[in-house]
Amino acid sequence: MYTQSFNVPDESGQKQVKPMKASEPPERMAKFDACIDADGRIEPQDWMPEAYRKTLVRQISQHAHSEIVGMLPEGNWISRAPSLKRKAILIAKVQDEGGHGLYLYSAAETLGVSRGDLLDALHTGKAKYSSIFNYPTLNWADVGVIGWLVDGAAIMNQIPLCRCSYGPYARAMVRVCKEESFHQRQGYEALLVMMRGTQAQKDMVQDAVNRYWWKCLAMFGPPDADSPNSTQGMRWGIKRISNDDLRQKFVDATVPQAKVLGVTLPDPDLKWNEERGHYDYGQIDWDEFWKTVNGHGPCNKERLATRVKAHNDGAWVREAALAYANKQQQRTLKEAA
Amino acid sequence: MSTAASTPAALKEWPLWEVFVRSKQGLEHKHCGSLHASDARQALEMARDVYTRRQEGVSIWVVPSKSITASSPDDKGELFDPAADKIYRHPTFYEIPEEVGHM
């Protein structure tokens, strides 16, 4: 997991992105543009326009925050997993998400921001994360559906990011994508098992799909016509495929999977369009989406509070390790003297 | 540059480490990412948890990021371009009669 393929304006530990400055040195700017045009890669030490840097810091840090906040809804189910096997799988998945957060924070840090500042922005509510985690996980089938649909949507988003123009981000995404496939498959398989079970279990799966389907479609971000920032992202090779195209790919890939699973996707307008060669789908409730992005979803407060508590509760460990390292350093110096 | 005699300042936060992993015996250690850790031992333990959960490695190096000296992108031309016109350093520069076969 997890990114929403758009970048919501926030205060991700830095000042707001300003439009391209006229004062960027033209010679360097031309070299940068030429590199992008040739589908080249930008590395941390290379010169880059300030707006490119800030866009990346915002997008990569939002992505990182989404990974670690994404640990929370599933983490809720570790102690209640239905078997030891499912528990071991879920622990491994949640641990992966923590690792993905780390890869991404490291990539963001190469742009000259500190980990501490990024986390502060998350903990004070200034930075955004994927709004999908502001919905509750009500039953065990939600864990399966998160793997199948939420991770499935994230994979669609993340595969093109492996070709992102910023080297460290692209490399982090390659690593993430390798691990992501396990996340989606374990979710789908857990649902298959439930669909072979009792009627009550089948109903749980359908209920979870009903609650998550539309939220997953919204994960791809506003329609292309309403995302003016996408154009700049495309120009810079940060974004490779538009929100609507990614969303369509996801719908086309998911419909046959739902059929095999034996669930109905909750959209009466969902049908194959022979002419387009794609599935048509209904209207997404963007008002509800923006309400959640802006802090008024069902779990925004709870998620942030849990995250801040975990960070504060771990403070003594960080301090103790630091004190120990400093003591060892002093000891080594004394012995050397 | 600080001299060896000066006392390093006490750490205020966990410093950054670069992680290199050897994927299997016989191959080189390859850079795979970075992480924050209080000391070398912790950096190794964390690198193991973060970068080798699926048997990606048989050996790990961790190096304090600040110990790495890197060439500057501005020197790229000066450092690397001169090699471009020395095509005689490549085997394909030389034409060998076909009847000689593979050489």
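Biologist: A salt bridge is a side-chain nitrogen of Lys or Arg within 4 Å of a carboxyl oxygen of Asp or Glu. How many salt bridges does the rule find across the interface of chain A and chain B?

Modeller: This is a predicted model, in which local features need pLDDT of at least 70, side-chain atom pairs count only at pLDDT 80 or more, and totals for chains, interfaces and linings use all residues. Residues are numbered from 1 along each chain as its sequence is written, chains are lettered from A and ligands numbered from 1 in the order in which they are written, and side-chain values use heavy atoms, with hydrogens and water left out. One bridge pairs Arg54(B) with Glu179(A), their closest N and O atoms being 3.5 Å apart. Across the interface of chain A and chain B, the number of salt bridges found is 5.

Biologist: Which helix supplies the largest share of the side of chain A that touches chain B?

Modeller: The interface also holds 8 residue pairs in polar contact, both residues at pLDDT 80 or more; such a contact is a pair of N or O atoms within 3.5 Å, where within protein one must be able to donate a hydrogen and the other to accept it, and residues adjacent in sequence count only if both atoms are side-chain atoms. Helices (H or I, at least four residues) and strands (E, at least two) are DSSP runs, numbered from the N terminus. On the side of chain A that touches chain B, at least two residues each come from H4 (84-109), H7 (167-195) and H13 (315-336). The largest share, 10 residues, comes from H13(A).

Biologist: By class, how many charged residues does that side of chain A have?

Modeller: Asp, Glu, Lys and Arg count as charged; Ala, Val, Leu, Ile, Met, Phe, Trp, Tyr, Cys and Pro count as nonpolar, and the others, Gly among them, as polar. The side of chain A that touches chain B has 9 nonpolar and 6 polar residues, and its charged residues number 8.

Biologist: Which residues of chain A lose the most area to chain B?

Modeller: Contact means heavy atoms within 4.5 Å, and 23 residues of chain A are in contact with 26 residues of chain B. Buried area is the accessible area (1.4 Å probe) that two parts lose on being put together, summed over both. Here the area is about 2,000 Å², with 51% from carbon and sulfur atoms. Together giving 22% of what the chain A side buries, the residues that lose the most are Gln45(A), Arg175(A) and Leu322(A).

Biologist: What is the radius of gyration of chain A?

Modeller: Chain A consists of 13 helices and 2 strands, and its C-alpha atoms fill a box of roughly 75 × 50 × 35 Å along the principal axes. The radius is taken over C-alpha atoms, and the globule rule is 2.2 Å times the number of residues to the power 0.38. For 337 residues a compact globule would have a value near 20 Å, which agrees with that of chain A, 22 Å.

Biologist: Is His63(A) buried or exposed?

Modeller: His63(A) is in helix H2 of chain A, and its side chain makes a polar contact of 3.0 Å with that of Tyr169(A). Buried means under 20% relative accessible area, exposed over 50%, and partly exposed in between (1.4 Å probe, protein chains only). Because its relative accessible area is 1%, His63(A) is buried.

Biologist: What share of the residues in chain A is buried?

Modeller: One residue that counts as buried is Ala141(A), at 0% relative accessibility. Ala141(A) lies in helix H6 (residues 140-161) and touches residues including Leu191(A) and Met204(A). Of the 337 residues in chain A, the buried share is 53%.

Biologist: Near how many degrees is phi of Gln55(B)?

Modeller: Most residues other than glycine have a negative phi. Gln55(B) lies in the loop between helix H1 (40-51) and strand E3 (59-64) of chain B, and counts as exposed because its relative accessibility is 76%. Its phi is positive, near 55 degrees.

Terms used: Lists of a residue's contacts leave out its neighbours within four places in sequence.
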